[in-house]
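Student: Could you walk me through the charged pairs in this one? I'm new to it, so please go slowly.

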Amino acid sequence: MEARVERAVQKRQVLFLCVFLGMSWAGAEPLRYFVAEETERGTFLTNLAKDLGLGVEELRARGTRIVSDQNMQFFVLSSLTGDLLLNEKLDREELCGPREPCVLPFQLLLEKPFQIFRAELWVRDINDHAPVFLDREISLKILESTTPGAAFLLESAQDSDVGTNSLSNYTISPNAYFHINVHDSGEGNIYPELVLNQVLDREEIPEFSLTLTALDGGSPPRSGTTLVRILVLDINDNAPDFVRSLYKVQVPENSPVGSMVVSVSARDLDTGSNGEIAYAFSYATERILKTFQINPTSGNLHLKAQLDYEAIQTYTLTIQAKDGGGLSGKCTVVVDVTDINDNRPELLLSSLTSPIAENSPETVVAVFRIRDRDSGNNGKTVCSIQDDLPFILKPSVENFYTLVTEKPLDRERNTEYNITITVTDLGTPRLKTEYNITVLVSDVNDNAPAFTQTSYTLFVRENNSPALPIGSVSATDRDSGTNAQVTYSLLLSQDPHLPLASLVSINADNGHLFALRSLDYEVLQEFEFRVGATDRGSPALSSEALVRVLVLDANDNSPFVLYPLQNGSAPCTELVPRAAEPGYLVTKVVAVDGDSGQNAWLSYQLLKATEPGLFGVWAHNGEVRTARLLSERDAAKQRLVVLVKDNGEPPRSATATLHVLLVDGFSQPYLRLPEAAPDQANSLTVYLVVALASVSSLFLLSVLLFVAVQLCRRSRAAPMGRCSVPEGPFPRHLVDLSGTGTLSQSYQYEVCLTGGSGTNEFKFLKPIITNLLPQSTGREVEENRPFQNNLGF
């Protein structure tokens with residue numbers, strides 16, 4: 001923070017130094033260069049690098065420019081040599097008119113750092129205009145009684161040149177009666193007077209035709225002529241006399257055309273035609289004749305054209321009053337044009353920098369100059385911009401201003417600024433000029449991509465097809481261009497055992513996520529990982545989001561029968577006494593389903609039976625019970641097929657085969673079957689051996705499952721192989737297996753589904769024998785005891 005403040009202070013010091021140097025140069029004498037008018041284009045004027053004490057490379061590097069109030073560029077600055085060349089022929093009379101000297105001011109602007117030098121181009125006059133009389137013939141009437149020495153005012157010639165090249169003398173053709181006296185008006189103009197040398201005699205010479213020649217002072221001199229025709233008249237001894245010899249008036253420059261400026265008046269004591277006075281201009285310039293007109297009868301002076309204070313501030317008119325006898329008098333009218341606020345301020349833009357990089361420190365955006373052609377308060381100006389912009393105006397010398405940034409810009413807040421520079425003068429009424437500047441802000445990579453959500457949850461049905469999209473993530477970047485182009489990528493999962501690279505992939509351009517393999521709900525129910533979004537700026541910025549994928553279960557597992565075992569070994573036979581009542585519990589079919597939800601809801605139904613209607617299966621718990629009383633006609637050996645079906649769509653099913661023996665009582669040493677052969681004793685032995693082997697196998701299997709459960713509990717932290725209890729219509733921890741027949745007791749098995757094996761196998765753990773014999777009277781127990789001892793219980 002301190003370093004940033006120190007840099008800001010240093011930049012302000014450099015800016016103040018530049019302004020100080022610019023003001024010091026502005027206060028010095030301007031550089032002056034001289035050129036004659038009509039000089040050919042391309043003429044060498046000077047070498048600016050030498051005049052400014054700079055090298056050519058430094059002059060070019062500092063961005064030197066020539067600024068002038070004129071609309072045309074009179075100079076060409078060579079960037080290779082630093083020479084200042086004339087860009088076109090100059091006409092001094094067009095540029096300056098009668099003003100002498102003809103000085104064209106301009107400024108030399110150095111932008112880096114900002115510095116201004118004043119300079120002037122003095123245009124010298126050459127004798128390229130000859131004197132011209134407005135009238136080709138001048139008529140005079142002179143009384144024959146005129147006394148020698150009388151002077152008659154003649155029309156003066158006009159010469160656009162100035163100085164020595166301007167009008168300097170008048171001559172008249174040689175004669176004995178007249179000569180020319182040249183007089184100075186006091187304003188730099190000369191006019192001729194015709195002076196009578198001797199008395200005229202109308203009877204001898206009634207008329208004279210003389211040639212009046214106007215000469216300038218050029219080398220060689222130029223001249224113009226007009227014919228002076230003199231008529232000799234009879235005596236008219238009173239010349240017109242003005243009431244006032246000098247009239248001074250002030251006229252606002254906005255006076256309408258046709259308005260009266262002043263009224264002049266003259267008197268003549270003669271009578272008749274010799275007393276009739278006519279008013280007219282005497283030796284008036286072309287500009288006066290275009291601007292004013294005088295009523296020859298009343299002497300009222302009117303405006304013929306609009307006045308312009310900025311062009312001419314004062315007019316001096318000579319008005320002649322001539323009577324009918326040819327005598328005349330004159331007076332002078334001085335018209336002072338007063339200024340009004342009729343010119344709006346002008347803004348002359350020198351340089352503009354756009355676009356500007358955001359987050360940049362204080363930067364010079366534009367350099368411009370203010371000009372107002374009015375005078376006094378009408379020419380004083382105030383410059384301002386809108387208040388809600390991060391820019392400020394700094395005044396400099398020679399009415400120059402710099403527009404600089406007040407603080408670093410933020411493109412994400414404003415991509416461009418429309419700046420209106422308002423210049424108002426202090427006249428009455430005030431006039432203003434508005435100049436619009438558009439400043440573009442270029443982008444800097446200062447915004448990281450932002451995800452539309454901090455976390456995404458995607459649902460994927462198991463057994464999905466690989467390489468198909470499973471969802472998408474999206475991030476936006478407030479920057480522009482390459483700084484806003486976002487690339488997506490997978491980041492490391494928080495679970496180090498999760499093979500993320502083999503599960504999903506992401507499209508780097510649009511954020512679409514794809515499953516790379518088919519997912520199995522029974523193996524992996526959910527997993528999560530992080531995705532990153534990185535822009536292409538320099539340096540690149542990035543952000544992260546969490547993606548959670550939930551695998552939806554599909555009915556892809558058929559029910560699995562836990563009891564009775566359907567593994568192809570010796571079938572388990574259930575024993576049912578013939579005295580059993582209806583509803584007697586024969587056994588219970590236990591099955592599970594590896595799916596979840598309604599896909600694991602199981603229902604049971606009797607598919608096949610040796611004696612239809614003898615047994616029934618409860619649909620919800622799989623209990624097999626007798627449906628009626630048993631009779632002697634019922635076969636002793638019954639075979640039942642039970643269908644186990646889940647509630648999925650489409651449903652899956654499995655079958656369980658049960659073998660049931662109908663016996664007269666559990667105390668009988670052997671079973672008398674209807675289809676028994678003569679070797680009944682051998683068959684009974686086989687049954688007993690099979691039953692004993694089954695019980696032993698169940699015991700051994702229970703021990704193994706107990707050990708497996710202990711190992712499973714120890715490795716519960718492993719994500720892919722943890723032990724879980726299958727969902728469904730079964731109890732959370734125990735599956736109740738109730739049986740009757742030979743093993744007439746209730747069993748409870750703790751079931752563990754190994755999620756990592758991929759085989760969906762169920763293992764029986766810790767068989768708990770709750771009751772070895774069904775509830776019966778003591779006599780029944782006593783009768784059954786020998787048979788149970790044979791089974792090993």
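Tutor: Let me begin with a term: buried means under 20% relative accessible area, exposed means over 50%, and partly exposed lies in between (1.4 Å probe, protein chains only). This is a predicted model, in which local features need pLDDT of at least 70 and side-chain atom pairs count only at pLDDT 80 or more, while totals for chains, interfaces and linings use all residues. Residues are numbered from 1 along each chain as its sequence is written, and side-chain values use heavy atoms, with hydrogens and water left out.

Student: OK, how many salt bridges are there?

Tutor: Taking a salt bridge as a side-chain nitrogen of Lys or Arg within 4 Å of a carboxyl oxygen of Asp or Glu, the count comes to 16.

Student: Which residue does Glu346 meet in a salt bridge?

Tutor: Its partner is Arg371, at 2.8 Å from N to O. Glu346 lies in strand β24 (residues 346–352) and Arg371 in strand β26 (residues 364–371), so the pair ties together parts that are 25 residues apart in sequence; strands here are DSSP runs (E, at least two residues), numbered from the N terminus.

Student: And is Arg371 buried or exposed?

Tutor: Arg371 counts as buried because its relative accessibility is 11%, whereas Glu346, at 25%, counts as partly exposed.

Student: Switching topic, which residues join Glu137 in a network?

Tutor: Salt bridges with shared partners link Glu137, Glu207 and Arg229 into one network.

How values were computed:
Helices (H or I, at least four residues) and strands (E, at least two) are DSSP runs, numbered from the N terminus.
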